[in-house]
Amino acid sequence: MSPPWLWPASTTRQEIEAQLAAEGGEDGRFAVRSREESDSEYVLSVNYRGRPTHHLCVTDGNGHILINKNGYGENWSSIEDAINTLKSNPPSKWPVKLASAAEVGGGGGGVSRTASVSGKPKRRSSKVRRDYMHPPMSKDAANELANQYLDGKDGRFFVRPRSADSKTENIMLVIYKGRPTQHLMLMVKEGNDTIKINGKDTGTTTLQQLIRKCRKPQPFWPVPLTEHLNTSMLVVDGAAAGGDAAPGGGSVCKPPARQASTPSAPKKSSGGGG
């Protein structure tokens, strides 16, 4: 019998987030879902600092569970072992102690375990999704995310709104010369809507156009964009989908399994992002 906190592989990130929010959004509330791509990979979703965060759990060559490529000094032999440790005595580098699990099939938009397993499989939408767009967060939190997942590789990026209610301002974080830099993107009303980045006109009118354009060298942009960090905390090559990551387009860039030592302190960023 599967653990009570394990959600079916057909569950979406949005359904998990809705359930976590419906149950109060308290820090430490969590859920785990299997990944459709592999029955030995999981995503641990946990509320931290008032918002859901998502962490990839994989098995390394020694049969040990790594979370975000990190074994945290443990030798977990199963996802159950990892969850039990994070609930009872989490490693010092893990951000938040796990509390109670989100109810599978609760009222927050989640799916029932029975319906997901025995019913017809959910069809993936063919609509292009802009999964480089992350929820609003602070500049420091964005830097931490970059340091944790982007491995200092130039051109890797993700986007966040400048604030929760901002509709015309976004921040693009991109790795440049091995460190995260952040850049303000502003939609300017000048006849046609145009996007300026760091105050410079880009000649684009949508975020998708801008990202597609910046995959090649541009005079207003420091480094061509490559892979992006999606909202499931995977580094994805979305170039094959024209600048967006769509189901079936692009590819997941799986990092080599390795156990990280004590993470280094977050690096300072440059750029005009807030």
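Reader: Is Trp-94 buried or exposed in this structure?

Author: A residue counts as buried when its relative accessible area is under 20%. In this predicted model, Trp-94 has a relative accessible area of 5%, so Trp-94 is buried.

Reader: Which ring pairs with that of Trp-94, and how are the two planes set?

Author: Ring planes that are over 60 degrees apart count as edge-to-face. The partner here is Tyr-72: the two ring centres are 5.8 Å apart and the planes stand at 85°, so this pair is edge-to-face. Tyr-72 belongs to the loop between β5 and α2, while Trp-94 belongs to the loop between α2 and α3, so the pair ties together parts of the chain that are 22 residues apart in sequence. Tyr-72 is buried too, with a relative accessible area of 13%.

Reader: How many aromatic pairs does a search of the whole structure find?

Author: The search finds 2 aromatic pairs. Besides the pair of Tyr-72 and Trp-94, there is that of Tyr-132 and Phe-157, whose ring centres are 6.2 Å apart and whose planes are at 40°, so this pair is tilted. Tyr-132 sits in the loop between α3 and α4, and Phe-157 sits in strand β6, so parts that are 25 residues apart in sequence are tied together by the pair. Tyr-132 is buried, with a relative accessible area of 0%, and for Phe-157, likewise buried, the value is 0%.

Reader: Let us turn to helix α2: which of its residues are buried, and why are they on the same side?

Author: In an α-helix there are 3.6 residues a turn, so residues three or four places apart point the same way. Helix α2 spans residues 79-88, and its buried residues are Ile-79, Ala-82, Ile-83, Thr-85 and Leu-86. These residues cover an arc of only 160° around the axis, and therefore they lie on the same side of α2.

Reader: What covers the buried residues of α2?

Author: The cover includes four strands, namely β2 (30-35), β3 (38-48), β4 (51-59) and β5 (65-67).

Note on methods. Residues are numbered from 1 along each chain as its sequence is written. This is a predicted model: local features need pLDDT of at least 70, side-chain atom pairs count only at pLDDT 80 or more; totals for chains, interfaces and linings use all residues. Side-chain values use heavy atoms; hydrogens and water are left out. Buried means under 20% relative accessible area, exposed over 50%, partly exposed in between (1.4 Å probe, protein chains only). Helices (H or I, at least four residues) and strands (E, at least two) are DSSP runs, numbered from the N terminus. The arc is that of the directions from the helix axis to the C-beta atoms. Contact means heavy atoms within 4.5 Å. Rings of Phe, Tyr and Trp (its six-membered ring) pair if their centres lie within 6.5 Å; planes under 30 degrees apart count as stacked, over 60 as edge-to-face and the rest as tilted.
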